[in-house]
Amino acid sequence: MHQEEIMRPDDANVAGNVHGGTILKMIEEAGAIISTRHCNSQNGERCVAALARVERTDFLSPMCIGEVAHVSAGITYTSKHSVEVQVNVMSENILTGTKKLTNKATLWYVPLSLKNVDKVLEVPPVVYSRQEQEEEGRKRYEAQKLERMETKWRNGDIVQPVLNPEPNTVSYSQSSLIHLVGPSDCTLHGFVHGGVTMKLMDEVAGIVAARHCKTNIVTASVDAINFHDKIRKGCVITISGRMTFTSNKSMEIEVLVDADPVVDNSQKRYRAASAFFTYVSLSQEGKPLPVPQLVPETEDEKKRFEEGKGRYLQMKAKRQGQAEPQP
């Protein structure tokens, strides 16, 4: 499937760069449409595809106000209860006709019954053009399943406010946003669209980055976003962000989403989603700027800094390996 949308001022920051969260929301909408359509392609119980995970995605080039976003999506693998969707985003300058690849993303969806939201239905299989495609897809499925399990141990971690924090510390830039989930945020089930959650997460991460470096900032990449639990209409969600690591020119921000079912006394506050966002600081001319170095104070902050450094070095080595010419 393919859809187009022109970027407007309310989609962008003060410098005219389209928010990463806006692009993530478009990506998720395309993924939800194609996966829901596929899961209802055979006779049987009707369902809506719910977002379970977004793999790491890099923002390859900035998109600006007035450009047209071309979003294309295709199903690349299906397991018994999940769908893998590949989404590409191109930006087009309609004055010059120039097109650039902005983003490539992989998303995982599960089909939930319209009659019973806790019931996961079976996915109609796709036909592969090559046998290797199915085997490669199965490996990706097993890898993401394992990673989702590994992230659940962080669910008890919370962001605590600190009085009179010093500049360049974690406490100085950490930020939270509180949002009441309304009907326009939700699917037919009455649960929040994954794209809405991702847009709010990017907004909070952007505030943290801007507070830290006090310049124009843009989303460079998003590590895998895991959706641990559904968020129901009427919940109050708290999206919290804190800086975990800085390199010379990038900032890693951890974002946690907690849901509070205020109209349901039987359920306690719970962790709904989590992810790491990477931002870069830009000059007025759009050139990368050095980032003020983060000063971790507590043992937990120092531990998170070292973990972030590990992720940074791992991804840097992976990019360098991909850039090297093959013999």
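**Strand pairing around S12 and the annotated spans**

Strand S11, which covers residues 251–260, pairs with S12 in the antiparallel sense over nine bridges, and within this pairing Val257 has Ala273 of S12 as its bridge partner. The model discussed here is a predicted one. Strand S8, formed by residues 216–222, also pairs with S12 in the antiparallel sense, in this case over six bridges, with Val218 standing opposite Val280 of S12. A further antiparallel pairing, over two bridges, joins S12 to strand S9, which consists of residues 225–227; here Asn226 has Ser274 in S12 as its bridge partner. Strand S12 itself runs over residues 270–282, and because twelve of its 13 residues are buried, this strand is largely enclosed by the rest of the structure.

The UniProt record, an unreviewed entry, lists residues 1–115 and residues 171–285 under "domain: HotDog ACOT-type". In the model, the span of residues 1–115 is 17% helix and 44% strand, and its end C-alpha atoms lie 27 Å apart. For residues 171–285, the corresponding values are 20% helix and 43% strand, with the end C-alpha atoms 30 Å apart.

Helix H1, comprising residues 20–39, has 20 residues and reaches 28 Å from its first C-alpha atom to its last, which is close to the 28 Å expected at 1.5 Å a residue. Of the 20 residues of H1, 16 are buried, and the helix is therefore largely enclosed by the rest of the structure.

Surface features were examined next. Ile6, Ile94 and Leu95 form a nonpolar patch on the surface, and together these residues have about 320 Å² of accessible area. Of these residues, Ile6 lies in strand S1, which spans residues 2–6, and with a relative accessibility of 33% Ile6 counts as partly exposed, since this value falls between the limits of under 20% for buried and over 50% for exposed residues.

Lys104 is found in strand S6, which extends over residues 99–113, and its relative accessible area of 46% makes Lys104 partly exposed. Lys104 and Ile253 are separated by 149 residues in sequence, while their C-alpha atoms are 21 Å apart in space.

Definitions and conventions:
Residues numbered from 1 in each chain as written. Predicted model: local features only at pLDDT ≥ 70, side-chain atom pairs only at ≥ 80, totals over all residues. Heavy atoms only, no water. Buried < 20%, exposed > 50% of the residue type's maximum accessible area, 1.4 Å probe, protein only. Helix = DSSP H or I, 4+ residues; strand = E, 2+ residues; numbered from the N terminus. Pairing = 2+ DSSP bridges. UniProt positions renumbered as here; feature names shortened; annotations may be inferred. Expected span 1.5 Å × (residues − 1). Patch = residues over 30% accessible without salt bridge, like charges linked within 9 Å, V, L, I, M, F, W, Y side chains within 5 Å. Areas by Shrake-Rupley, 256 points an atom, 1.4 Å probe, with all protein chains shown as cover. Salt bridge = Lys/Arg side-chain N within 4 Å of Asp/Glu carboxyl O.
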